[in-house]
Amino acid sequence: MRISSKSDSAVRACVELAARHEAGTPFIKATTVAEAQDISLSFVLVILNELKQAGLVESRRGSDGGYRLVAPPDRIVVADVVRAIDGPLANVAGSHVEDVEYGGAAGSVRDLWVALRAAIRSVLDEVTLHDLAAGRIPPQVAALIRDDDAWRTRPNRRAAGSVLGRSAPPAKE
């Protein structure tokens with residue numbers, strides 16, 4: 001899964017709104033969110049508008065106005081925010097993964113994409129904005145990051161020289 005800059009910023013903005021919600025602050029200015037998360041104000045405004053259109057935040061004008069979550073932070077999962085910004089968690093060239101069809105030997109690739117979406121959901125549908133604002137991750141998700149390998153980016157195997165146990169082709173000079 002590629003996490004877009006927009007989704008990353010939207011999740012961070014929502015966690016900021018969640019933290020302020022739980023502290024009893026009714027509406028938060030976009031400038032406060034932008035400064036707290038070191039995101040440009042113009043980008044935060046675009047994000048908050050998209051989240052408003054999706055029904056996750058609401059706004060109020062005036063000196064005591066700003067933005068707030070429409071539901072308690074423990075009822076909004078990270079997947080809601082990502083879907084509001086980038087659409088479905090997994091798709092293939094704009095199609096839902098369950099709608100693609102492949103012929104021949106690639107027939108099972110659709111099943112792979114559906115399984116990938118299920119794996120993504122098993123994380124993003126389990127973590128709420130409340131969890132993140134409180135600085136914790138649910139146990140089943142936290143278990144995934146206990147493995148040291150989870151913290152390492154794996155290089156492209158071909159570039160790393162170990163495709164199916166074979167050495168990479170010699171470098172051209």
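**Entry 1: the overall fold**

How many helices and how many strands are there in the protein chain? I looked this up before anything else, keeping in mind that the model is predicted. I found eight helices and four strands. Then I read along the sequence and wrote down the pattern α-α-α-β-β-α-β-β-α-α-α-α.

**Entry 2: dimensions and surface**

I checked the radius of gyration next. The protein chain has 20 Å, while a compact globule of 173 residues would have a value near 16 Å. Along the principal axes, the C-alpha atoms fill a box of roughly 65 × 40 × 35 Å. I also looked up burial: 29% of the 173 residues count as buried. The chain exposes about 11,100 Å², and carbon and sulfur atoms supply 51% of that area.

Residues 24 or more positions apart account for 56% of them.

**Entry 3: charges**

I found 22 positive and 22 negative side chains in the protein chain. The centres of the two sets lie 3 Å apart. How many salt bridges does the structure hold? It holds eight, and I picked some to look at one by one.

**Entry 4**

Then I turned to Glu16 and Arg20, which form a salt bridge at 3.0 Å, N to O. This pair is also four residues apart in helix 1, so about one helical turn separates Glu16 from Arg20. Is Glu16 buried or exposed? I noted Glu16 as buried, because its relative accessible area is 12% and the cut-off for buried is under 20%. Arg20 is partly exposed, with 27%.

**Entry 5: a salt bridge between strands**

Glu58 forms a salt bridge with Arg68, and their closest N and O atoms are 2.6 Å apart. Glu58 lies in strand 1 (residues 57–60) and Arg68 in strand 2 (residues 66–69), so the pair ties together parts that are ten residues apart in sequence. Glu58 counts as partly exposed at 30% relative accessibility, and so does Arg68 at 29%.

**Entry 6: a buried arginine**

Last, I looked up Arg117, in helix 5 (residues 109–124). Arg117 is buried, with a relative accessible area of 14%. Which residues does Arg117 touch, leaving out those up to four places away in sequence? I listed Ala90, Val97 and Glu98.

Technical notes
Residues numbered from 1 in each chain as written. Predicted model: local features only at pLDDT ≥ 70, side-chain atom pairs only at ≥ 80, totals over all residues. Heavy atoms only, no water. Helix = DSSP H or I, 4+ residues; strand = E, 2+ residues; numbered from the N terminus. Rg over C-alpha atoms; globule rule 2.2 N^0.38 Å. Buried < 20%, exposed > 50% of the residue type's maximum accessible area, 1.4 Å probe, protein only. Contact = heavy atoms within 4.5 Å. Areas by Shrake-Rupley, 256 points an atom, 1.4 Å probe, with all protein chains shown as cover. Lys, Arg positive; Asp, Glu negative; His and termini not counted. Charge placed at Lys NZ, Arg CZ, Asp CG, Glu CD. Salt bridge = Lys/Arg side-chain N within 4 Å of Asp/Glu carboxyl O.
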